[in-house]
Amino acid sequence: MKQVSWSGIVLAIILFALAAIVPLVANGYHLSVAVTAIMYVALATSWALFSGPTHYISLASGAFFGVGGYLVATGMSDYDQSFWLMAAIAPVVAAILATLIGLATLRLSGVYFVIFTLGLAEMVRNLVSWIQNNFLGSRGLYVLTDFTEAHIYWMLLAVCVVIYIFGWWLSHSRLGFALRIIGNDEAVAKHVGINTALSKVVLFMTTGFFAALVGAIIAPRYSYIEPNQVFSPELSFLVVIMALIGGTNRLWGPLVGVIPFTIIWEIISSNFSNFSTLFLGLAFLLIVYVIPNGFVGLLEKWGRRLRA
Amino acid sequence: MDILISGLLLGGTYALIAMGLNLQYGVARIMNLANGEMLVLGGLAAFWMFVAAEISPLLTMLIVAPLAFVGNWLIYVFLLKPLVRRAKNQGQLEVDSILATFGMSFILVGIMVMIRSEYFTYSFLANPFEILGSTVAENRLVAFGAAVLIGLALYLWLNHSRPGMAVRAVSVSPDAAKLVGINVERISALAFALGGAVTGVGGTLISTFITLDASVGVIFTMKALIIVIMGGVGEIRGAILAALILGLVETAVATLIDPGLTLASAYLIFLLILLFRPQGLFGRRST
């Protein structure tokens, strides 16, 4: 096990302080890009906690994110509940959902899991739209709060801090160790007595929890919400790409991928929206054929070569 | 009765698509998530030929098949074979092929959106036809007939020809196939290309009665995957039965409850299979 390195902690605190003052110096367009970026930092980092060590490509982020946003919206519009209550309930619901999905699919090979999560956001969207049209009546939902973009940004930053602390704790815990063994060889993991299914389900649950929490916090940003908008399959793919481009072998890997990718994605989707899908495809191919270990893997390889 | 007949007709076409994916996953061991895009490409070709030159989709099919065969063969040889070679184990190959085919699927969608961003609407043989007391559109019947013929030909080829036998051998065990002198890489490329061609033709047939658009592919990928898993990977008969079940259930849900819930019903079937028979209806439990 690694020792706690003080320089790492100091660096983390400086980065956090810099991140915290962003809303004070940036405004308008820049702040809104920053909110998007910090949202993806939270999503991609929590995604990598599960998918990094296990190599299971989860495409469920969109579904959990949607559950978070949708529950906040329906709770506030249809049932007059407060934002805080709904933001507390939503992640728990998503965690339960993730547990059920995990119990059904994670006992089997990874392929079943990927396939199941592939259409999940779309399926939940269909289901929610159907329930809403037939039983609840209203179509659009309003999320009206006094939050400004800066508030949302700080809340998401706090979520990021929690995710990083959780990730750091995980990498030093028995559970994290178990997951790394599962990722290397599941048969070995089973033979040394690791409950592989349980370890995977527990971690998948936390990923679902954080994705829904982010979805709930970001909901006030849109103020008007409908199922078609929050359950976006595209979000799941973006999270996968950002995390893998950065690299999932290090806790801070996804961060390295998210920031440049968010900026590029922002430019492409506002100026060349016709090419956005094509661009996503190219990003996937880039990951597989050019940087299988992400930017972080690339940097570490260069670092080793310099020292050698 | 109406549900039974249109469900079976839909299932017949699904069976063809699942057969394509089965060749790709069961033999070439590539989880091809761009499969649905191949299907939509077949549909786009049919739409385009019909609107531009009034060529019947049944003729377009004859053009789509060789094109899709060559296209998929090139994809396998240039993009997927390097992944097969560098993979240290099956798990690594699965992750790589999933990500790579995601990339291909997005690229294909991106290109198709540029060609046509609206629905591929055209009307071919949309006449009512009376069968066993219920009315169906002629195009569904024709598509079903063509799917059955192609499926039958494929089945006979697999079971009664030497290359067919080699394909089945690789599907059972690539390592053992190598020992008896089968060129596994060539057979895998052949199976992948053939699977792509079958899927493309399936898309051409489906486009005669379901309106497709550039981004609908992923739904068909999902359905084909569910069918393949339900039938048991590599099991042609299982896939046919599974496709008919899915066609029936979807049609029943769409008519009796809500057309928006077809995907949810497919998921329900998938979930039941995962919980109770993960090796598939016909599959043997692996040790």
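This is a predicted model: local features need pLDDT of at least 70, side-chain atom pairs count only at pLDDT 80 or more; totals for chains, interfaces and linings use all residues.
**Helix α6 of chain A**

- Helix α6 spans residues 110-118 of chain A, and eight of its nine residues are buried, so the helix is mostly covered.
- The buried set consists of A:G110, A:V111, A:F113, A:V114, A:I115, A:F116, A:T117 and A:L118.

**Where the chains meet**

- Chain B brings 32 residues to the contact and chain A brings 30.
- On the chain B side, the elements that give two or more residues are α4 (90-115), α9 (217-231) and α11 (262-276).
- Helix α4(B) provides the largest share of that side, with 17 residues.
- What kinds of residue make up the side of chain B that touches chain A? They divide into 25 nonpolar, four polar and three charged.

**Chain A as a whole**

- Chain A holds 16 helices and two strands.
- Its radius of gyration is 19 Å, close to the 19 Å that the globule rule gives for 308 residues, so chain A is as compact as a globular protein of that length.
- Along the principal axes, the C-alpha atoms of chain A fill a box of roughly 65 × 50 × 40 Å.
- Of the 308 residues in chain A, 46% are buried.
- Taking contacts in chain A between residues at least 6 apart in sequence, 80% join residues at least 24 apart.
- The mean pLDDT of chain A is 83, with 97% of its residues at 70 or more.
- Among the elements of chain A, strand β1 (residues 141-142) has the lowest mean pLDDT, 76, while α11(A) has the highest, 88.

**Helix α8 of chain A**

- Helix α8 (residues 149-171) of chain A has 23 residues and reaches 33 Å from its first C-alpha to its last, close to the 33 Å expected at 1.5 Å a residue.
- Its buried residues are A:I152, A:Y153, A:L156, A:L157, A:V159, A:C160, A:I163 and A:G167.
- Which elements do the buried residues of α8(A) pack against? They pack against α1 (6-20), α2 (22-25), α3 (28-54) and α11 (196-222) of chain A.

**Chain B as a whole**

- Chain B has eleven helices and two strands.
- From the N terminus on, its elements run α-α-α-α-β-β-α-α-α-α-α-α-α.
- The radius of gyration of chain B is 18 Å, close to the 19 Å that the globule rule gives for 287 residues, so chain B is as compact as a globular protein of that length.
- The C-alpha atoms of chain B fill a box of roughly 55 × 45 × 35 Å, taken along the principal axes.
- Buried residues account for 53% of the 287 residues in chain B.
- For contacts in chain B between residues at least 6 apart in sequence, 77% join residues at least 24 apart.
- The average pLDDT of chain B is 84, and 96% of the residues score at least 70.
- Among the elements of chain B, strand β1 (residues 128-131) has the lowest mean pLDDT, 70, and helix α8 (residues 184-206) the highest, 90.

**A closer look at B:A189**

- B:A189 is found in helix α8 of chain B, the element with the highest mean pLDDT in that chain.
- Is B:A189 buried or exposed? It counts as buried because it has 20 C-beta neighbours inside 10 Å.
- Leaving aside neighbours within four places in sequence, B:A189 is in contact with B:W73, B:Y76 and B:V77.
- B:G231 lies 42 residues away from B:A189 along the chain, and their C-alpha atoms are separated by 23 Å.

**The largest nonpolar core**

- In soluble globular proteins, nonpolar side chains tend to be buried together.
- The largest nonpolar core here has 191 residues, and those that touch the most other members are A:I38, A:A42, A:L156, A:V214, A:I241, B:A18 and B:I227.
- One of these, A:L156, is also among the buried residues of α8(A).
- Another, A:I241, is in contact with A:F261, A:L280, A:A283, A:F284 and A:I287, leaving aside its neighbours within four places in sequence.

Terms used
Residues are numbered from 1 along each chain as its sequence is written. Chains are lettered from A and ligands numbered from 1 in the order in which they are written. Helices (H or I, at least four residues) and strands (E, at least two) are DSSP runs, numbered from the N terminus. The expected span of a helix is 1.5 Å times one less than its number of residues. A residue is buried if 20 or more other C-beta atoms lie within 10 Å of its own, exposed if 12 or fewer, and partly exposed in between; C-beta atoms are placed from the backbone. Two residues are in contact if their C-beta atoms, placed from the backbone, lie within 7 Å. The radius of gyration is taken over C-alpha atoms; the globule rule is 2.2 Å times the number of residues to the power 0.38. Ala, Val, Leu, Ile, Met, Phe, Trp, Tyr, Cys and Pro count as nonpolar, Asp, Glu, Lys and Arg as charged, and the others, Gly among them, as polar. pLDDT is the predictor's confidence in each residue, from 0 to 100. A nonpolar core is a set of buried Ala, Val, Leu, Ile, Met, Phe, Trp, Tyr and Cys residues joined through C-beta atoms within 7 Å.
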